[in-house]
Structures are given as C-alpha cells and as structure tokens.
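Open the model in your viewer and keep the selection panel at hand. The stops below go from the interface to single side chains.

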There are 2 protein chains.
Amino acid sequence: MSATSQLLHHNQSYAADFDYASVGAPPRLKLAIVTCMDARIDPARAFGLEPGDAHVIRNAGGVVTDDVIRSLTISQHYLRTEEILVVQHTQCGLLTFTDEAFARELELETGARPPWQALAFTDLEKSVRDGVNRIRTDPFIARTGSVSGFVYEVETGRVRPV
Amino acid sequence: MSATSQLLHHNQSYAADFDYASVGAPPRLKLAIVTCMDARIDPARAFGLEPGDAHVIRNAGGVVTDDVIRSLTISQHYLRTEEILVVQHTQCGLLTFTDEAFARELELETGARPPWQALAFTDLEKSVRDGVNRIRTDPFIARTGSVSGFVYEVETGRVRPV
C-alpha cells in the first residue's frame with residue numbers, strides 16, 4: 001500500500017467519528033503560527049491546539065517569505081487573528097547547506113538553476129529574529145502588538161523564546 | 001492570559017512527556033502534504049500522522065506557490081520524500097473574494113497595494129488540479145510519480161480525490 005493510500009484509509013475512520021462540523025473559520029484563539037514543514041513538529045500536539053484554534057503556516061525552514069506575509073495578511077484581514085508566533089527549530093535541514101550549493105546541485109541534476117533561492121541560514125536565532133522583524137515592519141500586517149519568536153527543540157519538545 | 005502564553009503553558013506539559021527525541025528528520029512515510037493554513041484542518045489527525053511521518057506545508061489556500069515548490073524541492077532533494085498530496089478544502093476563505101478587491105481594501109487601509117497577489121480562486125477543484133499540474137511539470141521536482149489532489153470537506157472531515 002502506498003503512503004497516500006494509507007493516509008486515505010486512516011481518513012475514513014477520522015471522518016466516521018468527525019466531531020468538528022460546527023467549528024467556524026475564524027481561529028478561536030485569534031492566533032497564527034509560522035513554522036517549518038519538518039516531520040518531527042506537530043504544532044497541534046506541541047501547543048495543545050484543537051481544530052478551529054489557530055492558523056498554521058508551514059514551509060521549509062519556517063522562514064518568513066512573501067508567501068508567509070500573504071498568508072498572515074489574509075489571516076489578519078479576513079479572519080481577525082491578532083497574535084503571531086514564529087517557530088523555527090533545532091536540527092533544521094536549512095542549517096546544513098547553502099543556497100549556492102543547492103542551486104549548483106539542482107543545476108547538475110536538471111541542467112538549470114532554480115529561479116528561487118533555497119533560503120538556507122547559518123544562525124537559527126538570527127533567522128527567527130529576522131522573521132519576527134519582517135512581520136513587525138511589513139506595511140500590510142495590521143496587528144503587530146504580539147509577534148514573538150521561538151526555537152522548538154526537536155530533542156526535547158520544548159519551545160524557548162528568542 | 002494571551003493566547004501565546006496559553007500555548008507556551010501547554011508546551012511545558014508536552015515537553016515533560018516528550019517521547020520523540022529519537023525520531024529522524026527524513027519523513028518515515030516519504031511523503032509531503034500541501035494544504036491550507038485553515039484552523040479547522042489538523043492534518044495529523046485527519047490523516048493519522050505521527051511525529052516523523054510526513055512534511056506538512058501550509059499557506060493561505062493550499063495554493064502551490066513558488067514557496068511551496070521551494071519547500072517540496074528541498075523535501076525531495078535532501079529528505080527523500082517521494083509522494084505528494086495537495087489538499088485544498090471546502091469553505092476556503094480564498095473562494096470569498098478576488099485579488100483585486102483584496103488589493104483595493106489594503107490600499108484603502110494602508111495607502112499602498114501589496115507587491116504580491118492574494119491568489120484567490122473561484123473553482124476549488126480546478127485550483128487543486130492546477131496545483132497538482134504545477135508540481136508535476138516543475139523541472140526541479142524530481143519524483144512526480146505520485147502527486148495527487150484532494151478536497152477536504154470541513155463539514156465531514158472526509159477527503160475526496162479530485
């Protein structure tokens with residue numbers, strides 16, 4: 001069985017016991033989280049979130065990109081969130097290579113360099129601070145009173161403030 | 001107590017019982033999911049994912065953007081994932097406005113139009129198909145043998161293939 005089939009199979013039992021039909025779209029906690037796609041992070045378990053509680057935005061690294069700014073702006077403008085957490089993590093893959101090395105490897109494989117950067121970083125805490133600052137100074141993010149940055153430790157499950 | 005404090009408070013109990021210190025970075029199921037940031041979707045519960053199982057990429061809409069392509073390329077290139085699911089959902093906020101209306105509202109509020117598009121859509125199934133096609137034809141996504149598209153029904157918890 002492919003992994004995709006395995007997920008769809010599980011989804012049948014989830015739907016059979018589904019209990020969230022009346023949950024609304026605006027996040028109950030008025031909060032959005034930006035974090036990494038990393039498989040070791042389960043934001044719902046790590047932060048105790050129930051369906052309906054928070055927007056969760058994830059990409060490689062938990063880096064604050066244009067697409068994250070787009071998502072956060074929509075989150076605040078239409079769905080009334082007010083608080084933002086940026087959560088990057090220890091042992092992140094983006095700490096292990098450089099944009100240039102990545103582009104070169106892709107060029108060797110495909111014959112072309114990607115039109116985007118990998119957005120690797122060398123200093124985890126600095127990357128979190130940069131993300132928080134980008135959000136705080138973005139002209140389209142209206143509510144910047146509670147934007148905070150954290151490192152999630154994949155070794156302990158603990159988040160620590162940056 | 002702010003919502004942020006509430007999450008951090010919960011994280012202390014999560015860390016106290018943390019059981020995943022030995023989980024590795026490469027997703028066990030060799031799979032990546034692209035879905036919406038919507039608060040009603042909990043991919044881990046809906047698909048039965050344990051920490052370590054899958055990459056989860058989320059933005060407003062679950063739209064396949066450059067940032068999603070960046071994330072998927074890193075997922076496959078460095079972390080050896082092979083299958084991809086694109087999961088958008090019923091009652092998505094991006095079905096309720098247009099890019100132009102959004103840009104105009106932001107201009108009224110801030111005096112400027114955003115340098116990015118909101119990426120609203122009118123046809124949910126078509127948006128899923130477009131995302132799947134964009135991934136299948138992207139030159140930097142090496143493994144396109146299992147890329148599938150789904151609609152998650154927030155009314156039932158069920159995913160249906162597109």
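Contact here means heavy atoms within 4.5 Å. With that cut-off, select the interface: 81 residues of chain B are in contact with 81 residues of chain A.

Some ground rules before moving on. This is a predicted model, in which local features need pLDDT of at least 70, side-chain atom pairs count only at pLDDT 80 or more, and totals for chains, interfaces and linings use all residues. Residues are numbered from 1 along each chain as its sequence is written, chains are lettered from A and ligands numbered from 1 in the order in which they are written, and side-chain values use heavy atoms, with hydrogens and water left out.

**Stop 1: confidence**

Colour chain A by pLDDT, the predictor's confidence in each residue, from 0 to 100. Chain A averages 97, and 100% of its residues score at least 70. For the model, ipTM is 0.98 and pTM is 0.98.

**Stop 2: the interface**

Show both chains as surfaces. Buried area is the accessible area (1.4 Å probe) that two parts lose on being put together, summed over both. For chain B and chain A it comes to about 6900 Å², with 62% on carbon and sulfur atoms.

Between chain B and chain A, 41 residue pairs are in polar contact, both residues at pLDDT 80 or more.

Which elements of chain B give two or more residues to the side that touches chain A? Select helix 1 (3-16), strand 1 (31-36), helix 2 (43-47), strand 2 (54-59), helix 3 (66-79), strand 3 (83-89), helix 4 (99-110) and strand 4 (146-152) of chain B. Helices (H or I, at least four residues) and strands (E, at least two) are DSSP runs, numbered from the N terminus.

Colour that side of chain B by class. It has 45 nonpolar, 21 polar and 15 charged residues. Ala, Val, Leu, Ile, Met, Phe, Trp, Tyr, Cys and Pro count as nonpolar, Asp, Glu, Lys and Arg as charged, and the others, Gly among them, as polar.

**Stop 3: salt bridges**

A salt bridge is a side-chain nitrogen of Lys or Arg within 4 Å of a carboxyl oxygen of Asp or Glu. Zoom in on Arg45(A) and Glu50(B): they form a salt bridge, with the closest N and O atoms 3.2 Å apart.

Next, select Glu125(A) and Arg160(A). Their side chains meet in a salt bridge (2.8 Å, N to O). The pair links distant parts of the chain, 35 residues apart: Glu125(A) is in helix 5 (residues 124-137) and Arg160(A) in strand 5 (residues 159-161) of chain A.

Move to helix 4 of chain B. Glu100(B) and Arg104(B) both lie there, 4 residues apart, about one turn of the helix. They form a salt bridge (3.4 Å, N to O). Then pick Glu107(B) and Arg113(B), another salt bridge, at 3.6 Å between the closest N and O atoms. In chain A, select Glu100(A), Arg104(A), Glu107(A) and Arg113(A), which are linked in a network of salt bridges.

**Stop 4: Ser127(B)**

Finish in helix 5 (residues 124-137) of chain B, where Ser127(B) is found. Is Ser127(B) buried or exposed? Buried means under 20% relative accessible area, exposed over 50%, partly exposed in between (1.4 Å probe, protein chains only). At 12%, Ser127(B) counts as buried. Leaving out residues up to four places away in sequence, Ser127(B) touches Gln88(B) and Phe121(B).

Methods:
Polar contact = N/O pair within 3.5 Å; in protein donor to acceptor, adjacent residues only side chain to side chain.
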